Amino acid sequence: MAKINHSIEHQQKVYQKWAPIYDRVYRGFLGDAHRTVAKLAADAGDDILEVGVGTGLILPHYPARCRVTGVDLSEHMISKAREKVERQGLDHVKALHVMNAHHLDFADRSFTAVCLPFVITLIPDPERALDECARVLKPGGEIIIASKLGHGRGLQGAIEEVVAPLAHRVGWSSAFRISRIADWAARRGDFEVAEIRPVFPNGFFKVMRLKHRLSA
Ligand SMILES: C[S@@+](CC[C@H](N)C(=O)[O-])C[C@H]1O[C@@H](n2cnc3c(N)ncnc32)[C@H](O)[C@@H]1O
């Protein structure tokens with residue numbers, strides 16, 4: 001527990017520093033993944049939860065018909081998202097809350113899609129967060145994950161392992177395996193990996209769709 005609390009405090013400190021410059025650094029680089037996440041989430045339905053919403057770079061990409069809620073651990077990142085919603089008149093964004101992915105303060109079966117864009121690798125207990133996402137998801141809904149997700153094979157897998165501690169210090173992590181998410185889904189039995197879509201740059205990032213099985 002002490003380790004988890006330390007990691008949470010670490011993330012909050014890191015993103016306090018990132019908040020003022022995050023959009024300038026990442027808007028272009030993550031744009032393809034962001035548009036893909038918004039499109040796939042909206043295809044799954046209108047009630048969307050974004051976990052780790054950050055400065056809200058994805059928020060303008062959701063169609064106006066959607067009802068979007070965003071949560072993030074960092075009040076500094078969330079306050080940037082609030083400014084964006086106000087400035088751009090994003091009426092489809094219904095609420096933005098400071099919240100830890102480990103404890104989502106929403107009723108069961110609230111959302112048609114739950115998105116985790118570039119956050120799963122930073123969460124101390126990703127399986128617990130995924131269980132929370134599953135709990136707040138409506139039957140038949142989708143969990144959409146975007147990240148640097150590797151297979152852990154070959155030279156790329158070795159490089160990912162080497163740079164992981166450094167990446168963690170800047171609030172990023174590069175050594176997260178697709179198999180870890182697939183194993184979570186297989187253990188539960190009520191989710192299937194519906195798609196793993198490589199996105200810019202050249203498949204370096206991936207968007208993964210986990211679909212809830214109605215029959216499970
Ligand atoms: C790399 S940024 C991604 C922001 C945004 N999703 C995007 O794609 O631009 C990671 C975000 O996740 C948030 N975060 C990290 N750990 C979290 C947790 N346990 N619960 C909720 N948010 C978390 C950070 O505060 C930060 O805003």
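This is a predicted model: local features need pLDDT of at least 70, side-chain atom pairs count only at pLDDT 80 or more; totals for chains, interfaces and linings use all residues.

Visitor: What makes strand 5 largely enclosed by the rest of the structure?

Guide: Buried means under 20% relative accessible area. Nine of the eleven residues of strand 5 (residues 137-147) are buried, so the strand is largely enclosed by the rest of the structure.

Visitor: How do you know that strand 5 pairs with strand 9, and in which sense?

Guide: Two strands pair if DSSP finds at least two bridges between them. Strand 5 and strand 9 (residues 205-212) are joined over six bridges, in the antiparallel sense. Within this pairing, Glu-142 stands opposite Lys-211. Strand 5 also pairs with strand 4 (residues 111-117), over six bridges in the parallel sense, and there Phe-111 stands opposite Leu-137.

Visitor: Which elements make the right-handed β-α-β unit?

Guide: Strand 4, helix 5 (residues 126-136) and strand 5 make this unit. The term right-handed applies because, with the strands pointing away from the viewer, the path from the first strand over the helix to the second runs clockwise.

Visitor: Why are the buried residues of helix 4 said to line one face?

Guide: These residues are Met-77, Ile-78, Ala-81, Lys-84 and Val-85. Seen down the axis of helix 4, they fall within an arc of 110 degrees, so they line one face of the helix. They pack against helix 1 (2-18), helix 2 (22-26), strand 2 (67-72) and strand 3. On the other side of helix 4, Glu-75, Glu-86 and Arg-87 are exposed.

Visitor: Why are Arg-109 and Asn-202 called exposed?

Guide: A residue is exposed if its relative accessible area is over 50%. Arg-109 has 57% and is therefore exposed; Asn-202 has 80% and is therefore exposed. Arg-109 is in the loop between strand 3 (93-98) and strand 4, while Asn-202 is in the loop between strand 8 and strand 9.

Visitor: What is the backbone phi of Arg-109 and of Asn-202?

Guide: Most residues other than glycine have a negative phi. Arg-109 has a positive phi of about 55 degrees although it is not a glycine, and Asn-202 has a positive phi of about 55 degrees, again without being a glycine.

Methods. Residues are numbered from 1 along each chain as its sequence is written. Side-chain values use heavy atoms; hydrogens and water are left out. Buried means under 20% relative accessible area, exposed over 50%, partly exposed in between (1.4 Å probe, protein chains only). Helices (H or I, at least four residues) and strands (E, at least two) are DSSP runs, numbered from the N terminus. The arc is that of the directions from the helix axis to the C-beta atoms. Contact means heavy atoms within 4.5 Å.
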